[in-house]
Amino acid sequence: MIPPQQQRFSISVEKKGPGLLAKATFPRRYGRYSEIKTAEYEFVFNLNGEIKFIRGTNVDWPHPAEQLKRTDGNDWVYYTVGDKSSDKGLISWTGEYYLPCLPYPGNAVWEVNYFSNPSVMNAFGAWSQLYGDLYMAAQGDRLHPKARDLVQRILAMDHRTLHQRAQELQEISGGRISVLPPDTRHVDYEIVPLMIADGCLYHCKFCCVKTENRFRVRKKDDIAEQIRRLKDFYGPNIGNYNSLFLGNHDGLASGEGAICPAASDAFDAFGFKGEGGNRPTLFLFGSVDALLRSPETLFEAIDDLPFYTYINIGFESPDSQTLAEIGKPINAEKVREAFEKMLRVNSDYPNIDITGNFLIGQGLSQGHYSSLEELLRDAPAPPRGKGAIYMSPLKDSPKKRELLPQFYEIKEQSRLPVYVYLIQRL
């Protein structure tokens, strides 16, 4: 611990938390990071000197377990504990103790506009004040050399630089990643993004997050160049990551020839580690047709990768009329066939967990809900808790929180875990 400078702040140059992110009722720091505390706030920085978390420690802060988090895409997300701690609270419909409140329009059934909360917004003013204090401290000679090095790194990451770095990440990927797989909640959305394909097979009319480009697999040279640039981009902080997203919207359709080499090369290049039960995690999106067309050799190869792999499939509805109304060019028979394959793969492969998305919202027919409840009620008990089902609220559904009774009805009928899908970008 470096002594306080004029009693305004204290610096912990490097702290080390557990390597594995744990789900806890109070936010736990993990990996390696730096921390600066003032009388009223706690500021956490990654190994590059980028601001990562801000948490208030004063009486005006909404809740001691709530905090602001800055993403690699330079979004500030407020993590709330919600307003219920019962079995009908956040943990029951997100699977997590915290709800990320996003600074952009989303599909959450419960939203918090932190911009309207003066106590939260004061944290940004406190961050600006700390930045000024650090600048002044760097001009003197009272800082310990290690503290001075940290302060210089923090000062180099001003708001313009952070914005430029987010733009650089988008440029590496070929555009902003508009949605992450819902299973990335298990790693608090902390993933390294590697694009192995672009476009989508379906272009459903209800979808608001996917590109209109035709599906194509990226060339090997393109993927290799991304890996090289991503390693440089994350720099020393790459050691705090242990999860990979192979995007974009239908990575599964890329096939074994793209998925497995990209995952293996990224594992080596980024220095992912699998010791001590902290197995790296791999995330992909997949379509119904991609799942149905995938041969057993692909799942065998994925299962042999040094990752635990989540594959998220967009089923949307087991009702043909609903599929037609939302503009998804498949029928209920295909959805049910793919759903059965999901269950079988989850049972057969210990290192693969296929999850599924279905829609919820106003305007969907009773046929959609009755067929969905039947499908989930008749499913076999999930092996090792696999096969989570995510209910995705339609974007235009008004008063989304009024959808919760319908959600709980589906959840109570299902033999599979059911959660709300929070669409979060990078």
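Student: What should I know about the model before we start?
Tutor: It's a predicted model, where local features need pLDDT of at least 70 and side-chain atom pairs count only at pLDDT 80 or more, while totals for chains, interfaces and linings use all residues. Residues are numbered from 1 along each chain as its sequence is written, and side-chain values use heavy atoms, with hydrogens and water left out.
Student: OK, what's the strand order in the open sheet of 7 strands?
Tutor: The order is β1-β2-β3-β4-β5-β6-β7, with antiparallel pairing. Strands here are DSSP runs of E, at least two residues, and helices are runs of H or I, at least four, numbered from the N terminus. Two strands pair if DSSP finds at least two bridges between them.
Student: Which are the edge strands?
Tutor: β1 (10-16) and β7 (99-101), each pairing on one side only. On average, neighbouring strands in this sheet are turned by 25° against each other, direction ignored. Strand β6 (residues 76-80) joins β7 through 3 bridges in the antiparallel sense, and Y79 has P100 in β7 as its bridge partner.
Student: Which helix lies across β1?
Tutor: That's α3 (residues 145-156), which lies across β1, β2 (32-37) and β3 (41-45) and runs at about 90° to β1. Axes are lines fitted to C-alpha atoms, for helices over the stretch in contact, and angles run from 0 to 180 degrees between N-to-C directions.
Student: Switching topic: how buried is β11?
Tutor: In strand β11 (residues 243-247), 5 of its 5 residues are buried; buried means under 20% relative accessible area, exposed over 50%, and partly exposed in between, with a 1.4 Å probe and protein chains only. S243, F245 and G247 point one way, and L244 and L246 the other way.
Student: And which strands does it pair with?
Tutor: Strand β8 (residues 192-195) runs parallel to β11, joined by 4 bridges, with L194 opposite L246. β11 also pairs in the parallel sense with strand β12 (residues 281-286), over 4 bridges, and there L246 has L284 as its bridge partner.
Student: Which residues touch the most other members of the largest nonpolar core?
Tutor: L68, W93, L244, L246 and F339, out of 134 residues in that core. A nonpolar core is a set of buried Ala, Val, Leu, Ile, Met, Phe, Trp, Tyr and Cys residues joined through side-chain atoms within 4.5 Å. Helix α2 (residues 118-139) gives the most to this core, with 9 residues.
Student: How do α11 and α12 pack?
Tutor: Helix α11 (residues 366-377) and helix α12 (residues 404-413) pack at about 30°, with axes 8 Å apart. They are therefore roughly parallel, since angles under 35 degrees count as roughly parallel, over 145 as roughly antiparallel, 65 to 115 as roughly perpendicular and the rest as oblique.
Student: Is Y189 buried or exposed?
Tutor: Y189 counts as buried, at 11% relative accessibility. Its phi is positive too, about 65°, whereas N74 is partly exposed at 24%.

How values were computed:
Contact = heavy atoms within 4.5 Å.
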